[in-house]
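Please open the structure in your viewer and keep the selection panel at hand, as this tour goes from one selection to the next.

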Amino acid sequence: MAQGRYEAADIEVLEGLEPVRKRPGMFIAGTDTPAGLHQLVSEILDNSVDEAMNGYATRIEVCLHADGSSVTISDNGRGIPVEKHPKFNRPTLELILTTLHAGGKFSDKNYATAGGLHGVGTSVVNALSEELIATVRRGGKEYAQRFARGIPQGAIKVTKRDVNTTGTEMFFRPDSQIFSSTQFSPSVVRSLVQTKAYLNPGLKLLFVDEARQSREEFEYDNGLSSYLKELLEARSLEPVGGEAFHIESINGTHVSIALAWTESNKEEFWSYVNGIHTTEGGSHEIGARNGILKAVRNYINVHDLQPKGVKIISEDIREGILCLVSVKLPSSDFSPQFQGQTKSKLNNPEVTPIVESAVRSLERLLNEKQTVAQAVANRVILAARARVASRAAQQSVTRKIGVSHRLNLPGKLADCSGTRQDQTELFIVEGDSAGGSAKQARDRHFQAVLPLRGKVLNTIAASGKNILENKELSNIISALGSGIRDKFSKAKLRYGKVIILTDADADGMHISTLLLAFFFSYFRPLIECGALYLGRPPLYGIFPDKNSTQKTGKASGGKKKRGGLENAYWAYSDDELEQVIRQHKLSSPKIVRYKGLGEMNPETLWETTLDPATRTLLRVTTADEAKTWDALNVLMGNDSSGRYELIQTYAAQLEPIV
């Protein structure tokens, strides 16, 4: 056993904001993902919203500056105290910004309800910002103090006198030493602002995007009802029975719920606590689910609608439901117990019966709206019957086919001889030409190839019936053998890797996007288990002449291959092409631009794209399911206004294709 010295002097004590900069992942959702960066906006914005929730602010402004990497958030609340703290003898503003667990929300003395409870949000933002400027208007004066990476750059100063307004303003620029990217997404910031307006009826929020020179004001008197309507429109869905439900209960705990059943075959629950989005749900969401199940079951039983021979289960009732749950917990009763600083889940068990009791009023609403209620009941019964029929059909197919299930595979599939899931992979390619090349280049022991005919159906805009009747998409479903959506079974998946392999041009990217939309809509578990990939074929082959200076091994900006193609370099974009030629001093090389996979000979396709030892695969993941769904709807949905806005915003940044 190794003998190393371990003494008292080896123990480190991190002071002030050092823990945040040393271990930022303990306080935010990572530093290499957009979620972590945008959490900084949420932390400051939540403080302003807390002022509004408690009746001290009526207006909040969020400005994304033209550089895209700095934000200012201001409100007309009371303003953070600036006088010296009686215990620590430091200006309170400085104390809050430089000390973890310093804040005014640990009791109900100043905030009856609050989302920021740990007293670390503002100080974490300060610690992770290369620059932060806090401006406070209070007591007839305006004060300001500047910080750099959490350290005060001078004392707090009076910048104006005879000021007749109050409020707090925070300017911050995330630290590029901490974050892999400091560029904020305008759409994500806008969504954060708009959501806060939905959750706080009557509160006015302004979003300013300096780069686009746009100003948008959000104010919703109907709160969650307006939010639900917007989500339904974004998904091109209509409420079953033509009407949604809204439940409001204020009995110590403020519970607000908006829900609707749709013809979608999935369920969506969006939950919030004191304005905080709990992405992983929690006790309040459990209460909502329980209340909905009991209300619908009671209605069906009282009106004798239970179908004979079919048992209705919870998933039948929740199928197609879109539900928003918002609770505001008063600090005087019990403080919200969140899971971690990111507050992704509510852990208070006492909240479940409170929300469940409030949602039980749904039964009364169903009885008051018989037409809508009957449509909902029919929707639930239909889901139950479809589930039973699907299970029976699946069992029948299993009995008939048994181990010979390969008989139902699509005719164009060139299957592999291997049968172990963890050792096989399926390439989905565009067209017979690419399919022919891939079939010749592959290792038939573990690689299968399924060619598709042209561009597949747009599953975001098409109806479910059209999708399941589409030959190309049904071929994919048959080839995978796992079932779709909630019937997906990883154990029945025939391949351990599913690889989308399209040409390295605009058409190929479009086909990839169409396929990604299909997999996201119908094979979400395939993505979640990390089995979906994008292949990366080269756009150019560079073959040096005899006088060129050549190096061995891998080349920066391109790959130098082994075997029969040891003198070739590969580039995946125009920039990489120039980089390879420049770096390796290639004079007059022969350059081949591959217009498609079908133009590559089998040896080239194997070396560059299929060989596990030399290829590049990109794993498909989704960091935020809701935002992914919204993005797909903007890019591929029936409403073209979002695409038009996207084109107008970014067209000027693109270079024309010659």
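**A tour by selection**

Begin with arginine 235 in this predicted model: leaving aside its neighbours within four places in sequence, arginine 235 is in contact with Glu268, Trp270, Trp629, Asp630 and Asn633. Show the side chains of arginine 235 and glutamate 268, which are joined by a polar contact of 2.8 Å. Is arginine 235 buried or exposed? With a relative accessible area of 6%, arginine 235 falls under the 20% cut-off and therefore counts as buried.

Just after H6, select serine 236, which takes a positive phi of about 55 degrees.

Now step back into H6 itself, where Leu224, Ser226, Tyr227, Leu228, Leu231 and Leu232 are buried. The buried residues of H6 pack against H5, strand S11 (253-261), strand S12 (268-273) and strand S14 (321-328).

From there, follow H5 (residues 186-199) to helix H2 (residues 34-53), with which H5 packs at an angle of about 25 degrees, the two axes lying 11 Å apart. Because angles under 35 degrees count as roughly parallel, H2 and H5 are described as roughly parallel to each other, and their crossing is right-handed. To display the contact, select His38, Val41, Ser42, Leu45, Asp46 and Val49 of H2 together with Val188, Val189, Leu192, Val193 and Lys196 of H5. Coloured by class, the contact of H2 with H5 shows 7 nonpolar, 2 polar and 2 charged residues.

Note on methods:
Residues numbered from 1 in each chain as written. Predicted model: local features only at pLDDT ≥ 70, side-chain atom pairs only at ≥ 80, totals over all residues. Heavy atoms only, no water. Buried < 20%, exposed > 50% of the residue type's maximum accessible area, 1.4 Å probe, protein only. Polar contact = N/O pair within 3.5 Å; in protein donor to acceptor, adjacent residues only side chain to side chain. Contact = heavy atoms within 4.5 Å. Axes fitted to C-alpha atoms, helices over the stretch in contact; angles between N-to-C directions. Helix = DSSP H or I, 4+ residues; strand = E, 2+ residues; numbered from the N terminus. Parallel < 35°, antiparallel > 145°, perpendicular 65-115°, else oblique. Left-handed = near helix turned anticlockwise from the far one by under 90°. Nonpolar A, V, L, I, M, F, W, Y, C, P; charged D, E, K, R; others polar.
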